[in-house]
Amino acid sequence: MQPDEVIKKFKSAGALLEGHFILSSGLHSPVYLQCAIALQATAVAAEFGAAIAAQFRAERIETVASPAIGGIVIGYEVARQLGVRFIWTEREGGRMTLRRGFSVRQGERVLVVEDVITTGGSTRETIAALRDAGAEVVSAASIIDRSGGKADVGVPLVSLATLEVLAVEPTNCEACKRGESAIKPGSGTAVGSKR
């Protein structure tokens with residue numbers, strides 16, 4: 001799957017949004033990729049999952065893991081395509097951890113899959129939780145890397161498409177300086193007020 005095909009699928013699904021957004025990292029951006037909207041079409045999820053899985057067939061992956069909640073749909077689909085187990089991490093006390101009885105054995109070969117990478121923070125935290133539990137994290141993958149290839153997750157990272165999209169601290173956000181309300185997608189919440 002070519003990068004332009006990935007972006008076209010996001011646009012046709014209405015999943016590439018423009019405005020003033022608060023990302024899960026806390027950074028502000030004029031562009032938001034709403035993966036949940038793109039992945040609600042199971043055929044699209046299967047296409048993305050197959051494209052990611054194809055790049056790891058020779059890697060002897062035993063388990064796919066994703067950070068909750070954004071990575072769960074695509075992570076599950078990649079695992080299904082590879083015919084391996086799927087687990088996820090989630091925050092507990094502010095720290096990413098394995099819960100729900102999930103565990104890994106010493107040296108288990110794991111691929112971490114995320115929907116969108118911005119800073120790589122959730123992916124790094126997931127990798128740390130898996131390593132702490134004894135896994136060997138082989139690589140990471142995402143549908144889109146919006147860091148322009150700059151995000152360092154500590155292992156090789158493969159993405160179906162790479163974009164360079166502005167993401168800034170709120171104190172450096174021009175839209176905030178203009179008094180524009182910021183939206184935190186997924187929550188439906190506008191933050192701040194228009195002047």
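Visitor: Which residues does Val78 touch, not counting residues up to four places away in sequence?
Guide: This is a predicted model, in which local features need pLDDT of at least 70 and side-chain atom pairs count only at pLDDT 80 or more, while totals for chains, interfaces and linings use all residues. Residues are numbered from 1 along each chain as its sequence is written, and side-chain values use heavy atoms, with hydrogens and water left out. Taking contact to mean heavy atoms within 4.5 Å, and leaving out residues up to four places away in sequence, Val78 touches Gly49, Ile52, Ala53, Val64, Leu111 and Val113.

Visitor: Which residues of H4 are buried?
Guide: Helices (H or I, at least four residues) and strands (E, at least two) are DSSP runs numbered from the N terminus, and H4 covers residues 72-82. A residue is buried under 20% relative accessible area, exposed over 50% and partly exposed in between, with a 1.4 Å probe and protein chains only. By that rule the buried residues of H4 are Ile74, Gly75, Glu77, Val78, Ala79 and Leu82.

Visitor: Against which elements do the buried residues of H4 pack?
Guide: Just after H4, Gly83 takes a positive phi of about 70°. The buried residues of H4 itself pack against H2, H3, strand E3 (63-67), strand E4 (85-92), E6 and E7.

Visitor: From which element does the largest share of the core come?
Guide: A nonpolar core is a set of buried Ala, Val, Leu, Ile, Met, Phe, Trp, Tyr and Cys residues joined through side-chain atoms within 4.5 Å. The largest such core has 32 residues, and those with the most contacts inside it are Phe10, Phe48, Val64, Val78, Leu111, Ile143 and Ile144. At least two of its residues are supplied by each of helix H1 (3-12), helix H2 (35-39), helix H3 (42-54), helix H4 (72-82), strand E6 (109-117), E7 and strand E8 (157-162). With six residues, the largest share comes from H3.

Visitor: How many residues does the second, separate core have?
Guide: Among the members of the second core are Val110, Ile127, Val137 and Ala151. This core is separate, and its size is 15 residues.

Visitor: How many bridges join E1 to E2?
Guide: Five of the six residues of E2 are buried, so this strand is largely enclosed by the rest of the structure. E1 and E2 form a hairpin with five residues between them, and Gly26 in the turn has a positive phi of about 95°. Two strands pair if DSSP finds at least two bridges between them, and Ile22 has His28 in E2 as its bridge partner. E1 and E2 run antiparallel, and the number of bridges joining them is five.

Visitor: Is Leu27 buried or exposed?
Guide: Leu27 sits in the loop between strand E1 (16-22) and strand E2 (28-33). Apart from residues up to four places away in sequence, Leu27 touches Phe21, Ile22, Thr119, Ala167, Val168 and Glu169. Because its relative accessible area is 12%, Leu27 is buried.

Visitor: How far from Asp145 is the nearest side chain of opposite charge?
Guide: Asp145 belongs to strand E7 (residues 136-145), and a polar contact (N or O atoms within 3.5 Å, one able to donate a hydrogen and the other to accept it, adjacent residues counting only if both atoms are side-chain atoms) of 2.6 Å joins its side chain to that of Ser147. Although buried, Asp145 has no salt bridge, which would need a side-chain nitrogen of Lys or Arg within 4 Å of a carboxyl oxygen of Asp or Glu. Lys and Arg count as positive and Asp and Glu as negative, with His and the chain ends not counted. The nearest side chain of opposite charge to Asp145 belongs to Arg146, at 7.7 Å.

Visitor: What is the omega of the peptide bond that joins Ala68 and Ile69?
Guide: Ala68 lies in the loop between E3 and H4, and at 33% relative accessibility this residue counts as partly exposed. Ala68 touches Trp88, Thr89 and Glu90 once residues up to four places away in sequence are left out. The bond from Ala68 to Ile69 is cis, with an omega of about 5°.

Visitor: What phi does Arg60 have?
Guide: Arg60 lies in the loop between H3 and E3, and counts as exposed because its relative accessibility is 60%. Although Arg60 is not a glycine, its phi is positive, at about 55°.
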